[in-house]
Every structure is written in structure tokens, then in C-alpha cells.
Amino acid sequence: MEYTVEAFEKSLNIDEIIIVSHPSYVDLIWKFVKKNQWEKVTKVFNGGKERFDSTYSALQGLEGEDNNSNILLHDAVRPLINESIINNCIDALRNFEAVDVVIPSADTLVEVYDDGCISNIPNRAIMRRGQTPQAFKLGTLKQAYQRAINAQRFSFTCDCGVVRSMVPGVRVATVVGAESNMKVTHPIDLFIAEKLLQEANKISFNTGDNLDYIKDKNIIIFGGNSGIGLEIKKAAILLGANVEIASRSFNNVDIVDIECKTILLKWRKN
């Protein structure tokens, strides 16, 4: 959530941030607001059992706001949202009342019957995978939700679905998202998102950097028996470092002593 909110906090085109949360996390969120000094977060609302309930809770808190305001609804579990996607959503609202973020599907999509057998294989070229944010004119979204409540219809997969079903004639535009704007749902998603966040915040070395400080340091290279690790070993020795290899073939390195001030090198293929 902190990564997600930070992206909107830094966006020049976002004026206000409202967070909808499970009631048990509200106090924790306000602690995050204080710790991170988020100036744009003005309200934290209690969410509901379903997505529909949570969005409606936010809309109720926006009574009295200009119906022409631009509203972006984003999943907190998409922490890799970027400025470009945010800006493209806002730009699209100049000509449309509703906007969705989508990406092409690299996989074949299939429809199935209740018994799991395939009922249809749609043309992948015209299919897209939906992401967030979804963007709306506030008045259009309010109208859609009020009509859904009046009709006692509460089962929708997303807010664009509410608008398309309840406000006929409103066209939902699309802007291109990003594969990195992933939704963290399963354990594998958390692993991938963590790696992408690390990549975004990496500190790398460049050709010509002064590495004289490595002289006389104790360096352990994990996997330094061949390939990139071996080349790092050679370079470190030339720079005057004391180098040891730790791998399945070399297991004579003891790094238990925290006073040894050892430098641990981690490398990437790039």
C-alpha cells in the first residue's frame, strides 16, 4: 500500500487521495500517512464486503463534490503503477466519461462450461486484460451506482462494468497499461513484484566508477566458480581485495562472525 499511495502522492496531476480500507486497518493507515508525510491523503473510509460496497462508501464521502471532477479508482495491490498510466487516464477523461486500463493477452483465452469443458475460444487479437486505475467523471460514476442500488444489482467485477451496465450510451475508453502494473494476488505475484521493486530501486555500478575502496576488503562471492561470478573474482583480486568463493563446490567460507566486516556481492546478468 505504501508503494501504491506514494505513486499517487508524487503525481503532479493528483490533487487528493482517499483510501478505502478494511475497518481493522484504518488506524494503521493513518500511521502510514504520518510516517510518510503524505499530504494528499485527506480521508480514510471503511470498505465493505465486496468491491461494489467499497466504491459506494467512497462515493458517499464525496457528496457535494463537483460532478465534473476526475476520479481514479486503483487497487492498492498494484504497487507498480506509474506516472504515465495515471496521466493517460486523466487525458482520456477529456473526451470520455469512463476509462479503463488494459493490456494485450499473451495467452490464449478460453470460455468454459460449468463442468470445465471449453465452450468458446475468443479471438485473442481483440481481447484485453483489465487493470487499474479505472477513471471516471464523478457524476457518471455516482449515477451508475445509484441506478445499480435502485435495481438491486450488486454483482459486478469492476467499476467500468457498473457504468456500462447501468448508464447506457456511455462509452468506456481504454488506455494501455503495463505488464509491470500487476495485481499481487498469489504468492508468486508477491515474489515477482518484490523483484520488480528491487530493480526499480537498484544501485548499480557504471564503467569508470572508482572502486579503489575495495582494496584490502574481504569479499565473498556466491557462485563465483564460473561465469559472471568468476569474472567478478578476477576483477576484485586485481583491485587488491581478499576474495573467497562460496558455492556448492566451495563450502569452506564461514560468515557467522558479524565482526568480520565482509562485503557480500550480489550480481545480475546485466
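Helix 3 (residues 51–60) and helix 5 pack with their axes 11 Å apart, at an angle of about 125°. This is a predicted model, in which local features need pLDDT of at least 70, side-chain atom pairs count only at pLDDT 80 or more, and totals for chains, interfaces and linings use all residues. Residues are numbered from 1 along each chain as its sequence is written, and side-chain values use heavy atoms, leaving out hydrogens and water.

Axes here are lines fitted to C-alpha atoms, for helices over the stretch in contact, with angles from 0 to 180 degrees between N-to-C directions. Helices (H or I, at least four residues) and strands (E, at least two) are DSSP runs, numbered from the N terminus.

| Helix pair | Axis distance | Angle |
|---|---|---|
| Helix 3 and helix 5 | 11 Å | about 125° |
| Helix 5 and helix 6 | within 9 Å | roughly 75° |

Angles of 65 to 115 degrees count as roughly perpendicular, under 35 as roughly parallel, over 145 as roughly antiparallel and the rest as oblique. Helix 3 and helix 5 are therefore oblique to each other, while helix 5 and helix 6 are therefore roughly perpendicular.

Now to the strands. Strand 9 (residues 218–222) pairs with strand 10 (residues 242–246) in the parallel sense over five bridges; pairing takes at least two DSSP bridges. Phe-222 lies opposite Ala-246 of strand 10.
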